[in-house]
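Take a look at the model below.

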Amino acid sequence: MADKPSIEYNEKIEEEFNALINSLDLKEQRSKDYLRMRWLDQVKWMEKRAGEMRDRHRRYRLNVIIFSALVPIIVASNFSQDKEIDKILKVATISISAIVTVSSAIDEFYQFGNRWYSYRKAAELLKTHGWQFFQLSGAYRGYKTHEEALPIFTDQIEGIIQRDVEIYVSEGMQHLNPQEQKTEELPPAS
């Protein structure tokens, strides 16, 4: 159910930006292809990933909040002398505590909150540059045509994508042990 609004939003973005791309006066088809296949594709991908990371982060954080609140309630409700009820309460307390611990550990290990922020930031940067490019404003204000501004736009977009890749790689490297990190490093340029 959570994916439906995201899918509709991505379809809307694709439709609106495709219309803008089609309206541009660019001499070469590959320029429009770049806008569609690289820039717009990355906008949609970052939007989707940001939504996924947000949903995962919220899900695990809500587990921690809700189940953490239940533990003291269960412990305090130990008013019965019935051994069967006492056993059920102990099992429930242990189970709920395990859910809290595991949910917190998974969210921390995968850094869903940080990844949500990173993808959201990248998506917004991509869209901002896109809007500025379409309107020839901001960083593209000094250009008379989209054709003139395109090389600067592509440099900016590739820079944003490269920063996102570097963040992804550095996060991945943090989860490797020192020996694995050495084998994952690129050899020096010759």
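The paragraphs below go from the whole fold to a few single residues.

This is a predicted model, in which local features need pLDDT of at least 70, side-chain atom pairs count only at pLDDT 80 or more, and totals for chains, interfaces and linings use all residues. Residues are numbered from 1 along each chain as its sequence is written, and side-chain values use heavy atoms, with hydrogens and water left out.

Start with the whole protein. It has 6 helices and 0 strands. Helices (H or I, at least four residues) and strands (E, at least two) are DSSP runs, numbered from the N terminus. Along the sequence the pattern reads α-α-α-α-α-α. Of the 190 residues, 31% are buried. Buried means under 20% relative accessible area, exposed means over 50%, and partly exposed lies in between (1.4 Å probe, protein chains only). Now consider contacts, meaning heavy atoms within 4.5 Å. Take those between residues at least 6 apart in sequence: 65% of them join residues at least 24 apart.

Next, helix H3. It covers residues 83-110.

Which residues of H3 are buried? They are Leu89, Thr93, Ile96, Val100, Ser103 and Asp107. An α-helix has 3.6 residues a turn, so residues three or four places apart point the same way. The buried residues of H3 pack against H4 and helix H2 (29-76).

Just after H3 comes Gln111, with a positive phi of about 55°. Gln111 sits in the loop between H3 and H4. Its relative accessible area is 23%, so Gln111 is partly exposed.

How do H3 and H4 meet? Their axes are 5 Å apart and the packing angle is about 40°. Axes are lines fitted to C-alpha atoms, for helices over the stretch in contact, and angles run from 0 to 180 degrees between N-to-C directions. H3 and H4 are therefore oblique to each other. Angles under 35 degrees count as roughly parallel, over 145 as roughly antiparallel, 65 to 115 as roughly perpendicular and the rest as oblique. Ile106, Asp107 and Tyr110 of H3 meet Phe112, Gly113 and Arg115 of H4.

Move on to H4 itself, residues 112-135. Its 24 residues should span 34 Å at 1.5 Å a residue, which agrees with the 34 Å between its end C-alpha atoms. Ser118 lies in this helix. Is Ser118 buried or exposed? At 14% relative accessibility, Ser118 counts as buried. Leaving out residues up to four places away in sequence, Ser118 touches Asp164 and Ile167. Ser118 and Met46 are 72 residues apart in sequence, yet their C-alpha atoms are 9.2 Å apart in space.

Finish just after H4. There Leu136 takes a positive phi of about 50°, although Leu136 is not a glycine. Leu136 belongs to the loop between H4 and helix H5 (146-174). With a relative accessible area of 17%, Leu136 is buried.

Conventions:
The expected span of a helix is 1.5 Å times one less than its number of residues.
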